[in-house]
Amino acid sequence: MDIAALSIIKNHVQIQQDVGVAVLKKAMNTAEENGNFLTQMLGKGENSIPQAKSDHLGNKIDFYV
């Protein structure tokens, strides 16, 4: 093999690796944004239901047979 062919192969491999890293970074950013959104939505849910913060609610059930 000559030097030119090895250089071309090396450049192709480097480009493939760079593209793979870029795609992985994009996927990680998307996952982080989705996690932040989910955390934000769960935080809003706690504020909309104030009864859920009371420990005594829902512990006892009255029933008659």
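My notes below go from the overall fold to single residues.

**Ground rules.** I am looking at a predicted model, where local features need pLDDT of at least 70, side-chain atom pairs count only at pLDDT 80 or more, and totals for chains, interfaces and linings use all residues. Residues are numbered from 1 along each chain as its sequence is written, and side-chain values use heavy atoms, with hydrogens and water left out.

**Overall.** I looked up the secondary structure and found one helix and zero strands (DSSP runs, H or I of at least four residues for helices, E of at least two for strands, numbered from the N terminus). Next I checked burial: 0% of the 65 residues are buried (under 20% relative accessible area; exposed is over 50%, partly exposed in between, 1.4 Å probe, protein chains only). The protein exposes about 6500 Å², and carbon and sulfur atoms supply 62% of that area (Shrake-Rupley method, 1.4 Å probe).

**Met1.** Where does Met1 lie? I found Met1 in the segment before helix H1, which spans 3–48. Met1 counts as exposed because its relative accessible area is 80%. Leaving out residues up to four places away in sequence, Met1 touches Leu6 and Ile9 (contact: heavy atoms within 4.5 Å). I also noted that Met1, Ile3, Leu6, Ile9 and Val13 make a nonpolar surface patch of about 560 Å² (residues with over 30% relative accessible area and no salt bridge, nonpolar side chains joined within 5 Å; a salt bridge is a Lys or Arg side-chain nitrogen within 4 Å of an Asp or Glu carboxyl oxygen).

**Thr39.** Thr39 lies in helix H1, and I list Thr39 as exposed because its relative accessible area is 56%. A polar atom of the Thr39 side chain lies 2.9 Å from the backbone oxygen of Gly35.

Key
Patch = residues over 30% accessible without salt bridge, like charges linked within 9 Å, V, L, I, M, F, W, Y side chains within 5 Å. Polar contact = N/O pair within 3.5 Å; in protein donor to acceptor, adjacent residues only side chain to side chain.
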